[in-house]
Amino acid sequence: MPLVAQPVWAQSTRADPITATTKASADSTQLTSKKQIIEPIKKIQQFKQIKHFISSAQTLLVQSPTSQTVPTPELVQVTGVKANPTSKGMEVILQTSKGQELQITNRSAGNNFIADIPNAQLRLLNGEAFTFRSEKPIQGVTEITVTNFDTNTIRVTVIGEAMPTVELYDSPDEGLIFSVATAASSAQQPQTQPSQPQNQTPPSQPSTQNDQPIELVVTGEQDGYGTTDASSATRTDTPIRDIPQSIQVIPRQVIEDRVITNPDDAVRTVSGVIPSNPSYEGGLSSFSIRGFDSGSNVLRNGVREIDFGSISRNDLTNIERVEILKGPASVLYGQGSLGGAVNIVTKQPLPDPFYNLEFLAGSYDLYRGAVDFSGPLNDSRTVLYRLNAFYQDSDTFIDFSRNNRWLVNPVVSWQISPNTKLTIEGDVSKTVSQTSAGLPAVGTVLPNPNGKIPINRFIGEPTDFDTYSFARIGYDLQHQFSKDWSVRNVFRYTVLKRGGGGFTAGSSLDPDGRTLDRFYFDDPNPKTDDTVNGFIVATDLTGKFQTGSIKHTLLFGTEVYNTKRTGFEYISGEVAPLDLFNPVYGSPRGAVEDRGNSTQSSGFVGVYLQDQIALVDNLKLVLGGRYDWANQDSKDLLTDTKTSQSDEAFSPRVGIVYQPIQPISLYASYSRSFNPNSGTDANGNLFDPESGTQYEVGIKGDLSNKLSATLALFDLTRSNVLTTDPNNSNFSIQTGKQRSRGIELDVSGEILPGWSIAAGYAYIDARISEDTDYAVGNRLVNAPENSFGLFTSYKFQSGSLEGWGLGLGFFYVGEREGDLDNSFTLPSYFRTDASIFYKRDRLRAAISIKNLFNVDYYESSSDILRVFPGEPLTVQGTISWQF
């Protein structure tokens, strides 16, 4: 039963273990009549000098001297956790800076020892949260975990087969130390090392004679479906529950349990996020978030990505997690879509040697190999590396469609000093694929007198293909001036190339419903690829201070972004029509009817300021604003004409969080976005940037220490949308408006030991509110009114099935309009996925089945000639070995 224990301060000198106890019967609900208080012993002992453990860990009770006034402690950062084998069992060390004190309150429940450390958090020097977990570290102990129980408390849990013995003492050099033993471990040294949490390297065998430490978890990698932090939301290390915005995270564990390899599948469990391109397409990914296309709102490790307007569809092998930021992100990241942003977080170096080989095979001749290597490059472990690479080759269910892609992603980090860290990261990748260009609505979602068009029909030519090549290099420099002030400087240079043999698509469908008129689009100069190169440099200065009793976390930053696109040269013309029900390929291309050749450049400079204000512990205010100066230039090389445009915009955010009780956060926020338009109206006036406004209220709750939920209501308005000038159809005017309102619910984490869930539901009403081209009230494209995604898994914890796990996914997407005319509708669909996996020691194997019941459905559409079918039943199997 839980027993109330008074706090004890861990002193700055290494003291005797605290052995005061209060005994209680296991079936009693009352404390015994006597409480034995042991006065602190003045003599300092080392751990090896201790001869006796206390007989139980049912209660650990030490009274602070009554004459001492305990001050209100500041939040202490525990930067690492170590485990050392000892002659009696093991010790767990919580590492802090010298001079910092930790307060302990503890209790017991059955065979569990639980210690809560208030005013403390597990965070690496770079501010990233982490979790410690060791399974069966010694005989008689089932598991030891050290986790962030909430935003202000660390919880240490020791689960024993019988009541474990726990002693506590402090070291000025090492930190707070928990020594753990059982009757079994005291009698016999453990023969095996602590089992490792997911995504962690096994430690080397220690010498039991000199008690060499085993470094377990200091990497920040999380084992589970729940995540408490997402630094990209505020560019600071603020817990999600303290941010007035809906933020959802897909951690690595969900990616592995679902056996998925691209971002499109990863987001399906997040409310209000719908893939805009089918996952079997090569090249690029894009998403609809809260009814609006995410467009260029793609971040990589919290910094804007340079891309072709969407995220490159590479494998998730080098991705640690995917963060979805709902609503405008312009206050911190500048121009972008109103609906939200996607932040891709890559894997970072580990301090211990780690080697993982993976092989995957599946339907449609899918074969993929991947490696993940990491470890130190010097004896002091101040220089670390990580290397991720993969190669994949596959067909798809569409005729003639094939994907070939590879990636190499090296990362090196250098801990220059205890307060300074430099990370250098680069990657090179290439994707070669055939673009399917979809199928006409008539014959897929609309009736066709000839019947249904087969979903495997390819409307292009077998010789069509696209190539996407990406190369990035950059650094991330972080320096801690003090425990309150730090600076981060990030630079990234990117080169993207797009080439290939062009593509063929439909231009119209004849009245017979089977003859598709087609056109081609190609590069007349294959030696000159369509190339984007650019750089971004961002600097953040973060500081914590107080004005009286009010606490502030201040962020000041600058961002400079510049890109240039060259080689954008094309020709187009007609191709012989295709019979959709009896296709004949190999038709020659017709004469060139259109051509173009241009260069484009764009850039911006942004300055932003944000203050996160804790008026009291449970009432927090976020105030922020960013001012951007943006420019874009375009030159037509055929006509030798040039157009230029410059814009300025201010993007504010105001939010408030109220926490009436510890696990509940009520929040409300207002924010704005902007996105530059190009061109002029009939009078020659430059267009203003497109603007967006969002109002959001919500509630975030911790249903348990491992399960959380977010409920959000939002109202978004997109203004200054270009629409046809009613007085001159050759020009546009800025009177268009679109509005999206809805409610979202997301749940993620562990329900019971071994049973995890990631789920999201959204109701979205996204419509045109003002326009001259489309009817007011029309629904936006690919924006279902109702959508739902759930993936749940169970991992057997003991017995003959220990190591086995099962996963089940349910995904529902309601009806969606196929174009802004609302001329046709994509029907709703319900898809079921399943997986089975096994993990034991260094081996992991899994089989996943997508679309278990082989349901026919349609994923998305671009217009009435381009409807994209969903994948039929697909089976994939993967096996990996860690050494």
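Among contacts between residues at least 6 apart in sequence, 66% join residues at least 24 apart, where contact means heavy atoms within 4.5 Å. This is a predicted model, in which local features need pLDDT of at least 70 and side-chain atom pairs count only at pLDDT 80 or more, while totals for chains, interfaces and linings use all residues. Residues are numbered from 1 along each chain as its sequence is written, and side-chain values use heavy atoms, with hydrogens and water left out.

The secondary structure comprises four helices and 50 strands; helices (H or I, at least four residues) and strands (E, at least two) are DSSP runs numbered from the N terminus. Of the 883 residues in the chain, 53% count as buried. Buried denotes under 20% relative accessible area, exposed over 50%, and partly exposed the range in between (1.4 Å probe, protein chains only). The accessible surface of the chain comes to about 36100 Å², and 55% of this belongs to carbon and sulfur atoms; such areas come from the Shrake-Rupley method with a 1.4 Å probe, and for residues only the protein chains shown count as cover.

The interior may be considered next. A nonpolar core is a set of buried Ala, Val, Leu, Ile, Met, Phe, Trp, Tyr and Cys residues joined through side-chain atoms within 4.5 Å. The largest such core has 26 residues, and those with the most contacts inside it are Val-92, Leu-94, Ile-117, Leu-122, Ile-144, Val-146 and Ile-154. Strands that each supply at least two residues of this core include β4 (90-95), β9 (141-150) and β11 (165-171). Apart from it lies another core, of 19 residues, among them Ile-250, Ile-255, Val-270 and Val-322. Strand β11 also holds Val-166, which counts as buried because its relative accessibility is 1%. The C-alpha atoms of Val-166 and Glu-91 are separated by 9.2 Å, although these residues are 75 apart along the chain.

Strands β32 (530-547), β33 (550-579) and β34 (589-616) each supply at least two residues of the patch, and β34 gives the largest share, three residues. Phe-481 is placed in the loop between β29 (465-480) and β30 (485-509), and counts as exposed because its relative accessibility is 51%.

Where does Tyr-570 lie? Tyr-570 is found in strand β33, and counts as buried because its relative accessibility is 18%. Leaving aside neighbours within four places in sequence, Tyr-570 is in contact with residues including Phe-521, Asp-522 and Asp-594. The side chains of Tyr-570 and Asp-594 are joined by a polar contact of 3.4 Å, that is, a pair of N or O atoms within 3.5 Å; within protein, one must be able to donate a hydrogen and the other to accept it, and residues adjacent in sequence count only if both atoms are side-chain atoms.

Asp-522 lies in strand β31 (residues 515-522) and counts as buried because its relative accessibility is 13%. A polar atom of the Asp-522 side chain lies 3.4 Å from the backbone nitrogen of Gly-502.
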